[in-house]
Amino acid sequence: MSSDDDVVNILSLDGGVVRALSEVIMLDRIMKRIQEKQGLAEIPKPCDYFHLIGGIGTGGIAAILFGRLRMTTTEALAGYENIASEIFSTAKRRLEFNIAFREEKVHVEQGMKNVMKGRKDGH
């Protein structure tokens with residue numbers, strides 16, 4: 001049996017808007033449960049419980065919010081909604097799924113910039 005020092009917690013987030021959003025919502029419930037069980041004043045951040053956080057597609061965006069930006073699940077939900085609406089608003093208006101990569105990249109970048117504007121810690 002290994003000690004806690006040998007344990008590595010990995011959070012892997014899947015791509016796909018609905019799947020990634022569902023994962024963020026489930027993680028929010030898990031973090032709130034940890035807060036309740038440990039009697040914490042604030043919702044803990046996933047980055048304080050996972051050694052490695054990664055994802056693909058929109059799950060990768062959520063991984064950036066949790067890992068690099070060290071957001072709580074509540075902050076990440078708000079940021080994720082902002083980014084997703086920025087990325088997919090064009091697809092909704094045009095009703096097409098084959099948006100050029102360059103155009104999609106601009107929307108992802110703008111969505112991330114919008115999230116960063118609200119950050120107080122400069123990450």
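The accessible surface of the protein chain amounts to about 8200 Å², and 55% of this belongs to carbon and sulfur atoms. Such areas come from the Shrake-Rupley method with a 1.4 Å probe; for residues, only the protein chains shown count as cover.

The model is predicted: local features need pLDDT of at least 70, side-chain atom pairs count only at pLDDT 80 or more, and totals for chains, interfaces and linings use all residues. Residues are numbered from 1 along each chain as its sequence is written, and side-chain values use heavy atoms, with hydrogens and water left out.

**Exercise 1. Confidence**

Task: State what average pLDDT the protein chain has, and where the pLDDT is below 50.

Solution. 
Step 1. The term pLDDT denotes the predictor's confidence in each residue, from 0 to 100.
Step 2. The average for the protein chain is 79, and 76% of the residues score at least 70.
Step 3. The pLDDT is below 50 over residues 93-103; this stretch has six contacts in the model beyond near neighbours in sequence. A contact means heavy atoms within 4.5 Å.

**Exercise 2. The order of the elements**

Task: Determine how many helices and strands the protein chain has, and which pattern they follow.

Solution. 
Step 1. Helices (H or I, at least four residues) and strands (E, at least two) are DSSP runs, numbered from the N terminus.
Step 2. The protein chain has four helices and two strands.
Step 3. Along the sequence, the pattern reads β-α-β-α-α-α.
Step 4. Among the contacts in the protein chain with a separation of 6 or more, 62% are between residues 24 or more positions apart.

**Exercise 3. The interior**

Solution. 
Step 1. Buried means under 20% relative accessible area, exposed over 50%, and partly exposed in between (1.4 Å probe, protein chains only). Buried residues make up 34% of the 123 residues in the protein chain.
Step 2. In soluble globular proteins, nonpolar side chains tend to be buried together.
Step 3. Beyond its neighbours within four places in sequence, Leu13 is in contact with several residues, including Ile53, Gly59, Ala62 and Phe66.

**Exercise 4. A nonpolar patch**

Task: Find which residues make the nonpolar surface patch, and decide whether Ile10 counts as buried or exposed.

Solution. 
Step 1. Patches are made of residues with over 30% relative accessible area and no salt bridge; like charges are joined within 9 Å, and nonpolar side chains (Val, Leu, Ile, Met, Phe, Trp, Tyr) within 5 Å.
Step 2. Val8, Ile10 and Leu52 make a patch of about 300 Å².
Step 3. Ile10 lies in strand β1 (residues 10-13) and counts as exposed because its relative accessibility is 54%.

**Exercise 5. Salt bridges**

Task: State how many salt bridges there are, and describe each pair.

Solution. 
Step 1. A salt bridge is a side-chain nitrogen of Lys or Arg within 4 Å of a carboxyl oxygen of Asp or Glu. By this rule, the count is three.
Step 2. Asp14 and Arg19 form a salt bridge through their side chains (3.0 Å, N to O). Asp14 is partly exposed at 35%, and Arg19 is partly exposed at 48% relative accessibility.
Step 3. Lys32 and Asp28 form a salt bridge (3.1 Å, N to O). These residues are four apart in helix α1, so about one helical turn separates them. Lys32 is partly exposed at 38%, whereas Asp28 is buried at 8%.
Step 4. Arg70 and Asp48 form a salt bridge (3.3 Å, N to O). This pair links distant parts of the chain, 22 residues apart: Arg70 is in the loop between α2 and α3, and Asp48 in the loop between α1 and β2 (52-55).
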